[in-house]
Amino acid sequence: MQKGTILLTGANGGLGSAIVKKLDSDPTLASYHAIFTVRDATHTEPLHLNSTHDVVSLDLTKLDNVRRVAMTTNARVAAGDIPPIRALIVSAGYQDFGKQTWTGDGLDTTFVANYLGHWLLILLLLGSMDKEAGRIIYMGSQAHDPKDPRNSRTGAFTNPKYKTFVSDAASFHAIAEGKWSPATEDAGFRGGYRRYGASKLFLAMMQHELQARLDADAALRGNKICVVGVDPGVMSTGMQRLAPWVIRVLIFKILYPLIQLVSPNMGPRPTSRAADEALDAALGDGAPGDDGDEVKLPKDGYFYERAAMETSEESRDVKKRALVWRETVKLTGLKKGETALANWK
C-alpha cells in the first residue's frame with residue numbers, strides 16, 4: 001500500500017535531481033507515489049525508478065498551466081488514483097543574474113517562477129494534502145534577509161534603500177512588475193540577486209501566513225499540515241546558467257572545487273546533502289543535529305544545515321505579510337472554490 005504522494009517541482013534541476021536520486025536510492029521511500037514536475041517533460045530523459053511516478057510538465061511562469069496541473073492532481077487524488085499528498089516540495093528556482101525578463105503577463109520572471117507560481121500551486125493543492133501528516137517544504141535563501149551576514153560579501157544590500165523590500169502595496173507591485181532594482185538601474189549580478197532575494201522573502205512570508213491561516217481554519221480543523229522552510233545554502237547547479245563567465249565558470253567550476261579539495265566544508269554545499277535535509281524536513285520525524293540530538297521539525301520552522309533559524313524580521317511582520325498575501329491573491333486571480341482554505345482572501 002502506498003504511503004502517500006510526493007510532489008516535487010524543479011525535478012530536473014540540480015537540487016531537484018538530487019532529491020529524485022535520493023528517493024530512488026532509499027528503499028523505504030519506494031512505497032510513495034511521486035509526481036515530478038519539470039518545465040517541459042518532452043525534453044526530459046525517462047526516469048527508471050523503483051517507485052511509481054509521473055513526470056509532468058509545469059511552467060510556473062504560466063498561471064493557467066499551474067491551474068491545469070493542480071486540477072489534474074486534485075482529480076486523481078479525489079478518484080483514488082493516487083494517495084493524498086504527503087509532501088509538497090517546491091524546489092524549482094530561477095535567478096537571472098542581471099538578465100532580467102518578464103512573463104507574458106508583464107511580471108518579473110524571477111518573482112513569478114520562484115514565488116507566485118508556487119504560491120498558487122500550494123493553495124490549489126491544499127485540498128489534496130494528507131491532513132494528518134502533510135508537509136509543504138519550500139527552499140529558502142540567505143538572499144531574503146539583507147541583514148544575514150552571509151550577504152555582506154555580495155554588496156547587494158549596502159545601499160540603505162535596499163535594506164527593506166516592502167512598505168506598501170505599491171512597493172510590492174513594483175517588485176512584481178520588475179520595477180524595483182531593475183536591470184536598467186543595476187544590470188549586474190547584484191540587481192538580479194536583490195530580485196531573487198525579494199522572491200525568497202515572499203516565500204518566507206507565505207510560510208508564516210499560510211501556517212497561521214491553516215491552524216485557524218475551521219474547514220480544516222484538526223489538520224496537522226506543516227509549512228517548513230529549508231535553506232539549502234549556496235550550491236553549484238543550473239541556477240548559475242545565466243551568470244557571467246566569472247561567476248559561472250571561474251568561481252563555481254574552478255575556484256570552488258579547488259577550495260573544496262583543501263577544505264571540504266568551504267565553497268558550495270553538495271546538492272546531495274541539501275537533498276537529504278529537504279527530504280528529512282518533508283518526511284522525517286526529526287533529524288540529527290550537529291550535537292547528535294534530534295532536531296524536531298515544528299510547524300512554521302525554518303532550517304539551515306538542520307539548525308533552526310529565524311527568517312528575517314521583515315518576513316515576520318504580521319501587517320506586511322498580510323498585505324503581501326492580499327496582493328498575491330489579486331495577482332493570481334484566486335477565486336472562491338479553487339482552494340480548500342476557508343480564509344484565503
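Let's start with helix α5, residues 189–215. It has 27 residues and reaches 39 Å from its first C-alpha to its last, close to the 39 Å expected at 1.5 Å a residue. Keep in mind that this is a predicted model. Is α5 mostly covered or mostly uncovered? Mostly covered: 23 of its 27 residues are buried.

Now the aromatics. There are 13 aromatic pairs. Take Tyr-115 and Phe-202. Their ring centres are 5.5 Å apart and their planes sit at 50°, so this pair is tilted.

Phe-202 has another partner, Phe-172. Here the centres are 5.1 Å apart and the planes make 70°, so the pair is edge-to-face. Phe-172 belongs to helix α4, residues 169–176, so this contact ties α4 to α5 across 30 residues of sequence. Phe-172 is buried too.

There is also a cluster of linked rings. Among its members are Phe-97, Trp-180, Phe-189 and Tyr-162. Over the ring of Tyr-162 sits the charged end of Arg-194, 3.9 Å from the centre.

On to the sheet. It is open, with eight strands in the order β3-β2-β1-β4-β5-β6-β9-β10 and mixed pairing. β3 and β10 are the edges; each has a single partner strand, so one side of each lacks a neighbour in the sheet. Strands β6 and β9 run parallel, joined by three bridges. In that pairing, Gly-229 stands opposite Tyr-302.

Last, helix packing. Helix α1 lies across β1, β2, β4 and β5, at about 155° to β1. Helix α3 touches β1, β4 and β5, at about 170° to β4.

Definitions and conventions
Residues numbered from 1 in each chain as written. Predicted model: local features only at pLDDT ≥ 70, side-chain atom pairs only at ≥ 80, totals over all residues. Heavy atoms only, no water. Pairing = 2+ DSSP bridges. Helix = DSSP H or I, 4+ residues; strand = E, 2+ residues; numbered from the N terminus. Contact = heavy atoms within 4.5 Å. Axes fitted to C-alpha atoms, helices over the stretch in contact; angles between N-to-C directions. Expected span 1.5 Å × (residues − 1). Buried < 20%, exposed > 50% of the residue type's maximum accessible area, 1.4 Å probe, protein only. Phe/Tyr/Trp six-rings, centres within 6.5 Å; stacked < 30°, edge-to-face > 60°. Lys NZ or Arg CZ within 6 Å of the ring centre and 35° of its normal.
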